[in-house]
Amino acid sequence: MSVPLYLLEGIRQVYAGRTVLDVPKLSIHAGCILGVSGHNGSGKSTLLRLLAFLEAPNRGMICFRGRECDPGTPGVRRSVTLLTQEPYLLLRSVAANVGYGLSVRGESNVEFRVREALEMVGLVPDQFLRRSWRELSGGEAQRVALAARLVLRPCVLLLDEPTSSLDPENAERILAAALLARRDWGTTLVVVSHDHSWLESVSDDLLVLGQGRILSGPQHCLE
């Protein structure tokens, strides 16, 4: 079997003296969809923050693409992006929000890629590019936030309860866009949701956490 995209070993994360995540070993292979479920406080969001390299574990090692990495590893956070339940939008137009990451990185073809990302999430570019963030509904704002991540064509897309507060139409658009990213770019998806049956239907592999530990499901995501 090939080297996994992620390999976590001996991970322990402690907040205020309380262990919130304790994972002896977990591997995730490129191109898979890993679903993560569990009750509130089970460690799901902490796991996503570690996978996004937003923080380092108190103990243990995270290898990404075969090398040990942490939040300070050059370039690693350009490969991974996280969409939270209530993503922050810049107080600007839709075009400025979606294209911000590309502009910061000095990328070319910004307008083309912004349009492409909006189309992926089901928003007509000519209708939304010039809209202010204030003019968006909750579902539209979530889709714009996802477009701002898809425009980067990430290696890994982490989704934290991406559809929990959305109506069925917007929820379906979010899922469809994420699946397009995997189909077109080979993006690896890690999706956190309380909806266990829904996760089973969309995931290649399922991980259940409880009190920071793996309760059930295989501890790797197969190629």
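Predicted model: local features only at pLDDT ≥ 70, side-chain atom pairs only at ≥ 80, totals over all residues.

Before any pockets, the term: on a 1 Å grid over the protein atoms alone, I take a pocket as an open set of points with protein on both sides within 12 Å along at least five of seven lines, a cavity as a set of points where a 1.4 Å probe fits but cannot get out, and lining residues as those with an atom within 4 Å of a point. Grid points are joined across faces, edges and corners, and a volume is the space filled by probe spheres set on the points.

Residues are numbered from 1 along each chain as its sequence is written, and side-chain values use heavy atoms, with hydrogens and water left out.

**Entry 1: second largest pocket**

I looked up the second largest pocket and got about 170 Å³ of space. Its lining has 15 residues, and Gly41, Ser42, Gly43, Lys44 and Ser45 lie nearest the centre. Two elements give two or more residues to this lining, β2 (18–28) and α1 (44–51); helices here are DSSP runs of H or I with at least four residues, strands are E runs of at least two, and both are numbered from the N terminus. The largest share, 3 residues, is from α1. By class I get 3 nonpolar, 8 polar and 4 charged. For the classes, Ala, Val, Leu, Ile, Met, Phe, Trp, Tyr, Cys and Pro are nonpolar, Asp, Glu, Lys and Arg are charged, and the others, Gly among them, are polar.

**Entry 2: largest pocket**

The largest pocket comes out at about 620 Å³. I count 23 lining residues, with Thr81, Tyr100, Ala148, Arg149 and Leu152 closest to the centre. β6 (80–83), α2 and α5 each give two or more residues to that lining, and α2 has the largest share with 4 residues.

α6, β8 (188–192) and α7 (196–202) give two or more residues each, with the largest share, 4 residues, from α6. The lining has 11 nonpolar residues, no polar and no charged ones.

**Entry 3: overall build**

I get 7 helices and 11 strands. The C-alpha atoms fill a box of roughly 50 × 40 × 35 Å along the principal axes. The radius of gyration is 17 Å, which agrees with the value near 17 Å for a compact globule of 223 residues; it is taken over C-alpha atoms, and the globule rule is 2.2 Å times the number of residues to the power 0.38. Of the 223 residues, 52% are buried, meaning under 20% relative accessible area, with exposed over 50% and partly exposed in between (1.4 Å probe, protein chains only). Among contacts (heavy atoms within 4.5 Å) with a separation of 6 or more, 69% join residues 24 or more positions apart.

**Entry 4: helix α3**

Which residues of α3 (110–120) are buried? I list Arg113, Val114, Ala117, Leu118 and Met120. They sit on the same side of α3 because they cover an arc of only 155° around the axis, the arc being that of the directions from the helix axis to the C-beta atoms. On the other side, Glu111, Phe112 and Glu119 are exposed. The buried set packs against α2 (94–104), α4 (125–128), α5 (138–150) and α6 (168–185). After α3 comes glycine 122, with a positive phi near 80°.

**Entry 5: two single residues**

Isoleucine 11 lies in strand β1 (6–15) and counts as buried because its relative accessibility is 0%. Beyond neighbours within four places in sequence, its contacts include Leu21, Val23, Leu50, Pro57 and Ile62.

Serine 164 is in the loop between β7 (156–160) and α6. At 47% relative accessibility, serine 164 is partly exposed. Its C-alpha is 16 Å from that of valine 144, 20 residues away along the chain.
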